[in-house]
Amino acid sequence: SFRRAARIQAIAVSEILRIGETARRMKSEGRPVIVLGAGEPDFDTPSWVKEAAKAAIDAGQTKYTALDGTPAMKDAVIGKFERENGLRFRRDEVTVGAGAKQILYNAFMATLDPGDEVILAAPYWTSYADIVAISGGAVVPVRGRPETGLRLDPADLEAAITPRTRWLLLNSPSNPSGSAYDAESLGAILDVIARHPQVWLMMDDIYEHLLYDDRAFVTAAALRPDLANRILTINGVSKAYAMTGWRLGYGAGPAELIAAMAVVQSQSTSNPSSISQAAAIAALEGPQEILAERRAAFQARRDRISERLDNCPGITCRKPEGAFYVFPDCTGLIGGRTASGRVLENDSTVARWLLEEHDVAVVPGSCFGQPGHFRISYAAAQSELDMACDRIAAAVADVA
Ligand code: PLP
């Protein structure tokens, strides 16, 4: 009979997927469900990016490419890092894969031995924990502080570091909290890292261009060049250029690490798609005005949804600095009884109640290592967001 490998036995089918399936089933039964779970922009891939992909096909760029990115793709990444982040890399310090997710996977597979510890700043993207587990590492979650928008506190980080700590993984702006580090708060984290030479930093910058209110984006390797020899900076075109389906992400860091990651990639996908690389070059080197236009659209949605949710009794919603998620605190609802007689025991029952009785699909915070919250993606039409807020406001008004 069928038996799963031990390495994936600890990995449950994600509750996010289960919620998605329930929402789809309800929709197919004719229920007017609004799904606010998606982690992708609702905009289209820019037209010039699509044209570059078509041209690549016509030019015969349809063969295997260099293992971790074509020279042209690597040069586009080098140019991006220099232009936008003030970081200088050589080609052998750059790697390109099928999404930022594959870069994360390569890095953990290439570096973790059983028992090696990875500190995750909670709330964290669910895949981080699962990729660490598949790679044989041990997840060490450290909860962020409510008073700083759930950002990691340097003292809490210091207390979590052991001789087995290999990595700290940070994501700013964050999925799911939307919180971002500025130079001061990131600098304080890097001061801790500086004191522990066994600890490397993986910096996930995938939401770099979704940072609001004219805040300046800051990445670790630029802030502390003296630590760059143990920092892997990860980014990609999925969120910035609405290219989630193209599967193209990249990373840059010490050449020894990049070479080890290439070994992993060589035995999984061989190389990122030749056509997606051509498209990503066009995205990185083409007109950049869409970034500001889309940022402004997301910022307006963020303002409206965070204010409306914050006005709901039992819910506290801060206005996050970036990404396209709000992560309201719903502890004020927990223990309450709904109009239908359901007792809201925790964030999962809150999410189930909103979906089953009020046709709004959100993701419970426990999926991200942070119970007592839920995540809403506002990468959706304003009319849908307004309707979702109406439903949530009506639902919580009846909780006793
Ligand atoms: N990092 C974070 C924090 C994400 O939320 C996501 C996607 O949801 C990714 C990385 C993966 O992006 P990609 O499409 O480049 O694999």
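**Entry 1: α5 and α10.** I began with helix α5 (residues 100-111) and helix α10 (residues 255-266), whose axes lie 8 Å apart and meet at an angle of about 105 degrees. The two helices are therefore roughly perpendicular to each other. For this I took axes as lines fitted to C-alpha atoms, for helices over the stretch in contact, with angles running from 0 to 180 degrees between N-to-C directions. Angles under 35 degrees count as roughly parallel, over 145 as roughly antiparallel, 65 to 115 as roughly perpendicular and the rest as oblique. Helices (H or I, at least four residues) and strands (E, at least two) are DSSP runs, numbered from the N terminus.

I then listed the residues that meet: Asn-106, Ala-107, Met-109, Ala-110 and Thr-111 on α5, and Ala-260, Met-261, Val-263, Val-264 and Gln-265 on α10, where contact requires C-beta atoms, placed from the backbone, to lie within 7 Å. By class this contact has seven nonpolar, three polar and no charged residues; Ala, Val, Leu, Ile, Met, Phe, Trp, Tyr, Cys and Pro count as nonpolar, Asp, Glu, Lys and Arg as charged, and the others, Gly among them, as polar.

**Entry 2: the model itself.** I noted that this is a predicted model, in which local features need pLDDT of at least 70 and side-chain atom pairs count only at pLDDT 80 or more, while totals for chains, interfaces and linings use all residues. Residues are numbered from 1 along each chain as its sequence is written.

**Entry 3: α11 and its partners.** I looked up helix α11 (residues 274-285) against helix α3 (residues 47-58) and found an angle of about 140 degrees, with the axes 8 Å apart. α3 and α11 are therefore oblique to each other. On the α3 side I recorded Trp-48, Val-49, Ala-52, Ala-53, Ala-56 and Ile-57, which meet Ser-274, Ile-275, Ala-278, Ala-279, Ile-281, Ala-282 and Ala-283 of α11. Sorted by class, this contact comprises twelve nonpolar residues, one polar and no charged.

Next I turned to helix α4 (residues 71-85), whose axis comes within 9 Å of that of α11 and crosses it at roughly 25 degrees. That angle makes α4 roughly parallel to α11, and the crossing is left-handed. Ala-72, Met-73, Ala-76, Gly-79 and Lys-80 of α4 make the contact with Gln-277, Ala-280, Ile-281, Leu-284 and Glu-285 of α11. The classes here are six nonpolar, two polar and two charged.

**Entry 4: the ligand shell.** I counted 13 residues around the ligand, the closest being Gly-99, Ala-100, Lys-101, Gly-236 and Ser-238, with a residue taken as near when its C-beta atom, placed from the backbone, lies within 6 Å. This shell has three nonpolar, eight polar and two charged residues.

**Entry 5: backbone details.** I found a cis peptide bond from Ala-122 to Pro-123, with omega near 0 degrees, and Pro-123 sits in the loop between β3 (117-122) and α6 (126-134). Another cis peptide bond joins Ser-172 and Pro-173, with omega about -10 degrees, and Pro-173 belongs to the loop between β5 (165-171) and α8 (183-194). Asp-213, although not a glycine, has a positive phi of about 60 degrees; I placed Asp-213 in the loop between β6 (200-204) and α9 (220-223).

Methods:
Two residues are in contact if their C-beta atoms, placed from the backbone, lie within 7 Å. A crossing is left-handed if the near helix is turned anticlockwise from the far one by less than a right angle, and right-handed if clockwise.
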